[in-house]
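Have the sequence and the model side by side.

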Amino acid sequence: MCTEGTPCKKLQGMILRNREKDRVGSAYEHAAQFLVWNGGGRGLTVVEIGTLYGTLAERLLQRLPPGSTLTAIDPFEAGYDERDSHSKLIATWAVELGLPIDKMRSTWADAMLNNMRREFGCAYALVNDFSVTGADSFKPKSLDVVFIDGLHSLAGVVADLQAWAPKAKADGVIVFNDYCSCRPMGYQKSGHGSPMAAMLPRAEHATAFEAIVADCRPTGTCKDNQKIVRVVSARGKLRTNGFPGVNKAVLRWAKQHQAVVRCCAGYTNAYIRMNETEYEMLA
């Protein structure tokens, strides 16, 4: 139980404090608006692969129409990638709480479920498992939205696509986090959080985001099926945006299934509509 004084309650407080920080300048609001628009106002069945603090899950359940449900899939595993900050964070918090790694996994899941169920009831569910094995719990063609934000390596995203694409409905959508940036040139994080952004009128930011959400028009340098996305950073230097493993995996799958990768589901997300692929023929 997640009661006062327990490791679960302490961990819940740590999660909620970081969720509060994660809300600032995040793309999740724009992803939620996109999914509402794309779903035509109907209740949606959503799976989120990789949830950590639950920031996206919270925002989607706040914004999606009545009747929507969201299931988060996450093992809350520490030490899976020494380069990954979240992997290190879970390991660090386990030490702070005096929990062995296997106990940390279940405690994190209990803390998340306790918090989210209080706010959203049975509209929220959590599967404390790895994404590929977690897919076994879902029937083919049962999901309106699959939001992939798990392992960001080439192999990890390929495995998630292979496991989860068959679970999407014929008119469903698969969204990929950290694929590319659809921000207008010079736009950094939130509308007022960077040196470059400070030079531009806020109205310009709002207009750009309204275009992304309402019309789904790629802006800046991000285009459909573009392999390398380059934007100008706040310091004026060119940089490649997005995770190379995510980009390569998505584009490889898109090419195999003759799918279009559209880059406007919030400013760091891309998506594939299942009814715009030849997946049925090639699966």
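Helices (H or I, at least four residues) and strands (E, at least two) are DSSP runs, numbered from the N terminus. T55 lies in helix 3, which covers residues 55-63. This is a predicted model, in which local features need pLDDT of at least 70, side-chain atom pairs count only at pLDDT 80 or more, and totals for chains, interfaces and linings use all residues. Residues are numbered from 1 along each chain as its sequence is written, and side-chain values use heavy atoms, with hydrogens and water left out.

**Around T55**

Contact means heavy atoms within 4.5 Å. Neighbours within four places in sequence aside, T55 is in contact with R19, D22, R23 and Y28. With D22, the side chain of T55 also makes a polar contact of 2.9 Å. (A polar contact is a pair of N or O atoms within 3.5 Å; within protein, one must be able to donate a hydrogen and the other to accept it, and residues adjacent in sequence count only if both atoms are side-chain atoms.)

**The cysteines**

A disulfide is a pair of cysteine sulfur atoms within 2.5 Å. That rule gives a count of one disulfide. The disulfide joins C2 to C8, with an S to S distance of 2.1 Å. Its S-S torsion is about -100 degrees, so the disulfide is left-handed.

**Buried or exposed**

Buried means under 20% relative accessible area, exposed over 50%, and partly exposed in between (1.4 Å probe, protein chains only).

| Residue | Relative accessible area | Class |
|---|---|---|
| T55 | 4% | buried |
| C2 | 11% | buried |
| C8 | 8% | buried |
| C122 | 71% | exposed |
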